[in-house]
Amino acid sequence: MSKSIMEITWEELEMIDKEKAVMFITFAPIEEHGKHLPLGVDVFQSKQWEEETIKLLEDEFSDYEFLIMPPLPFGYGNIVGFPGNLHLKQDTIKRVAYEVIENVVNWGMKNIVIIAGHAEPKHLIAIEEACDEINTKYGVCAFSPMGAIFSNEKLRLNIRHDHEIEKLLNKYPNDFHAGWIETSNMLDIKSRLVKASYPEQPDICINHEDMVCPEKVSEKIKGFGHMGYPKIASAKLGELLNDWMTQTLFEAIRAFIIRDNYQIYEHHFLYNNPFFRTSNIVTGNRPLSHMKEIILRNGNKLIIRKATSEDAEKTANYKTVIAGESDFLTFGENEIAITTEKERESIESINCKDNSIMIIALLDDEIVGLIVFRGGDRVRVRHVGEIGVTVRKSHWGLGIGSFLFEFLIEWAKQTGIIRKMNLRVRTDNENAIKLYEKYGFKKEGILKRDFYINGIFYDSISMGLLID
Ligand SMILES: CC(C)(COP(=O)(O)OP(=O)(O)OC[C@H]1O[C@@H](n2cnc3c(N)ncnc32)[C@H](O)[C@@H]1OP(=O)(O)O)[C@@H](O)C(=O)NCCC(=O)NCCS
């Protein structure tokens, strides 16, 4: 049986057998959906999928109660320039999810399902993080399967679509927002809210690389608001898509209720990618996966984390200092103008990409080490990139270089994109070569006359690490 939580009394809620009850919470934003769809698309879809899934669950679990929360109509999003977006910061989404679920846990609920019908990875991952932390803290089960469902192909969950949909997914890929998929869904569930002008909307094709750069996306969708191909939408396709989603959600939640291998639906495929995670200072319950605290051999506490544009002034000062500390770098003292502004741009461009990262090591809030990895831009070289690493001379030999490498290699494995890391090192830089070999880098060749420093040529060794 299903009930709205708003229509029962606290006593009735208290009486419910919590072992046989599931709380449903939809969590998806009001936001622009092109000129042809209403602001509430994500909320309407989530509620529809929730309602239809509960019908299937009621047949299967006739002795269960399914409680329904009113929708939380906001989410994380980064597309600007349109009125009607109810977007909150990613950290805020995690906090809201955490606190809402915590309330529900305090009512005694043990099974909580979040239908986050908004495919933005940072929205989904914020909610998944909140669920994980609640589950660890309270020993309950909050479950948010939409991230895994939206990224089912990358996760290789092998959830087949209808043949016609499969064909269209191949022919019209990257239909991210208010394109043929969402327009079809809405034609199926709320056709009166779809403007008759939908077949006149232009195709707006955005690739995955551009998707992580909100400025590029905003520019491309300016004046329209959709990403994809609305003109091929139809109610029939919508029916197929909505049925697929309902059936998939049913399978996931069924597995969750009987606690049978439901973990495959717990996380978006990018869950372990630091770029998509919250800052992790939000609820403070868990060790930070993209920030590490390390006690050095000399007892000092080292912090290793990803650099953000707010670190630009510090990284600029750091680079200016280390330029004069070693002749093993591609730049020497006063040879390049490092400004805070240039650094900010550089960090922002790195953080825009899912295959690049800058990592800093801090002692007492001062940068003492830095490693940067830049992956290629094109499809054929996205999986490979070049590393640059430095540590302040005063701190050499304390293990900082090693910790930076450990962090970098862990990140590279988590991206699921990086398959090879390259670097170049002067043939006489023995300490650095030892460091690289310690982490499995292999010598691949000699680059003659690779450096020219104070009138002398130096050869370098090209080294590489395969990530498998
Ligand atoms: C190369 C560099 C980044 C190493 O950083 P670091 O923090 O000193 O390195 P670590 O303390 O983690 O040492 C890592 C490994 O390097 C080797 N190493 C470092 N210093 C060493 C030394 N004085 N003698 C012998 N081996 C040394 C060791 O194999 C060590 O591993 P171990 O401690 O397990 O034995 C740092 O020396 C540096 O910034 N040098 C100048 C810039 C540079 O050369 N960059 C690389 C350009 S390709």
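## Elements around the ligand

In this predicted model, strand 10 (384–391), helix 13 (400–415), strand 11 (420–426) and helix 14 (430–438) each supply at least two residues of the shell around the ligand, where helices (H or I, at least four residues) and strands (E, at least two) are DSSP runs numbered from the N terminus. Helix 14 gives the most, with six residues.

The ligand is surrounded by 23 residues, a residue being counted if one of its heavy atoms lies within 4 Å, and the closest are Val391, Gly399, Gly401, Ser402 and Asn429. By class, the shell holds 11 nonpolar, eight polar and four charged residues, with Gly placed among the polar ones.

## Polar contacts and burial

Polar contacts are pairs of N or O atoms within 3.5 Å. An oxygen atom of the ligand lies 2.7 Å from a polar backbone atom of Gly399, and a polar side-chain atom of Trp396 is 3.3 Å from an oxygen atom of the ligand. Taken alone the ligand exposes 920 Å², of which the protein buries 77%, as computed by the Shrake-Rupley method with a 1.4 Å probe.

## The annotated region

The unreviewed UniProt entry carries the annotation "domain: N-acetyltransferase" for residues 302–468, although such annotations may be inferred rather than shown by experiment. Over residues 302–468 the chain is 29% helix and 37% strand.

## Basis of the values

Residues are numbered from 1 along each chain as its sequence is written, and side-chain values use heavy atoms, leaving out hydrogens and water. Local features need pLDDT of at least 70 and side-chain atom pairs count only at pLDDT 80 or more, whereas totals for chains, interfaces and linings use all residues.

Technical notes. Polar contact = N/O pair within 3.5 Å; in protein donor to acceptor, adjacent residues only side chain to side chain.
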